[in-house]
Structures are given as C-alpha cells and as structure tokens.
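Welcome! Here is a short briefing to read alongside the sequence and the 3D view.

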Amino acid sequence: QVQLVESGGGLVQPGGSLRLSCAASGSIFSIDTMGWYRQGSGKQRELVAFDATGGNTNYATSVKGRFTISRDNAKNTVYLQMNSLKPEDTAVYYCYATVEVVRGSKYHYWGPGTQVTVSS
C-alpha cells in the first residue's frame, strides 16, 4: 500500500556533503514521523535522525551539528543534508515513516536503503 524509495547516496571524500531524499507513495491518508536509520558493515542499525509532525526533530549525538533533516509534506518527502562527512558515516542509510493509511490506522514502513561511502 505504501512504498518508500531513497536516493542521493554515493561516494564522497571526508569533509564533503551529500543530500539524501526519500519519497513516500501509495495509499496515504497522512504521515506522522519520517526519519533515517543507518547500518554499517557488521554493525547494528541505528537511528540517525527523525522529524515528527509539528517540526520536532531529533538527532544522534554523532551527527548533531553536521546533519539536518527536513520534510516537504506536499511531496511526502524527507531529506537528510549531510555535511562535514566522516569515514565513520559510511553505511547503508534507510528511510522510515509512520503512515496513517486510513484514519486511525498507523503502520511503520521502510525503504530499501541507499549506500553512503566516505573515503579518500
């Protein structure tokens, strides 16, 4: 019913920037929280940032001050602007969203992920 697709990943040198996008499509009544997780090789998936309805945002300590999450509700899209990238930011980045498909029924959806590699 709902599909999330990420884009914008790639290879960048330390200190560089990337902007990730995630667009939601399908049967959507409304979207509550949208956000980003990441998972490095051999590591557990961790929360990077989320943006809840009303503009309330939260960031992992490791990215605070370098990453910025934002949303375009008209496009059902969430963005992650990543600046001053470090090698330890290398991971597959996954989009997620809590979606109200019909009034009163919320579900959690995940995108397939996009690779971000920070290396010189």
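Let us begin with aspartate 89, which touches Arg38, Val63, Arg66, Phe67, Ser84, Val116 and Val118, leaving out residues up to four places away in sequence; contact means heavy atoms within 4.5 Å. This is a predicted model, where local features need pLDDT of at least 70 and side-chain atom pairs count only at pLDDT 80 or more, while totals for chains, interfaces and linings use all residues. Residues are numbered from 1 along each chain as its sequence is written, and side-chain values use heavy atoms, with hydrogens and water left out.

**Aspartate 89**
- Aspartate 89 sits in the loop between strand S8 (77–82) and S9; strands are DSSP runs (E, at least two residues), numbered from the N terminus.
- Aspartate 89 counts as buried because its relative accessibility is 1%, buried being under 20% relative accessible area (1.4 Å probe, protein chains only).
- Its side chain reaches the backbone nitrogen of lysine 86 at 2.8 Å.

**The disulfide**
- The structure holds 1 disulfide, meaning a pair of cysteine sulfur atoms within 2.5 Å.
- This disulfide joins cysteine 22 to cysteine 95, with an S to S distance of 2.1 Å.
- The pair links distant parts of the chain, 73 residues apart: cysteine 22 is in strand S3 (residues 18–26) and cysteine 95 in strand S9 (residues 91–102).
- Both cysteine 22 and cysteine 95 are buried.

**The nonpolar core**
- The largest nonpolar core has 29 residues, a core being a set of buried Ala, Val, Leu, Ile, Met, Phe, Trp, Tyr and Cys residues joined through side-chain atoms within 4.5 Å.
- S9 gives the largest share of this core, 6 residues.

Key: Helices (H or I, at least four residues) and strands (E, at least two) are DSSP runs, numbered from the N terminus. Buried means under 20% relative accessible area, exposed over 50%, partly exposed in between (1.4 Å probe, protein chains only). A polar contact is a pair of N or O atoms within 3.5 Å; within protein, one must be able to donate a hydrogen and the other to accept it, and residues adjacent in sequence count only if both atoms are side-chain atoms.
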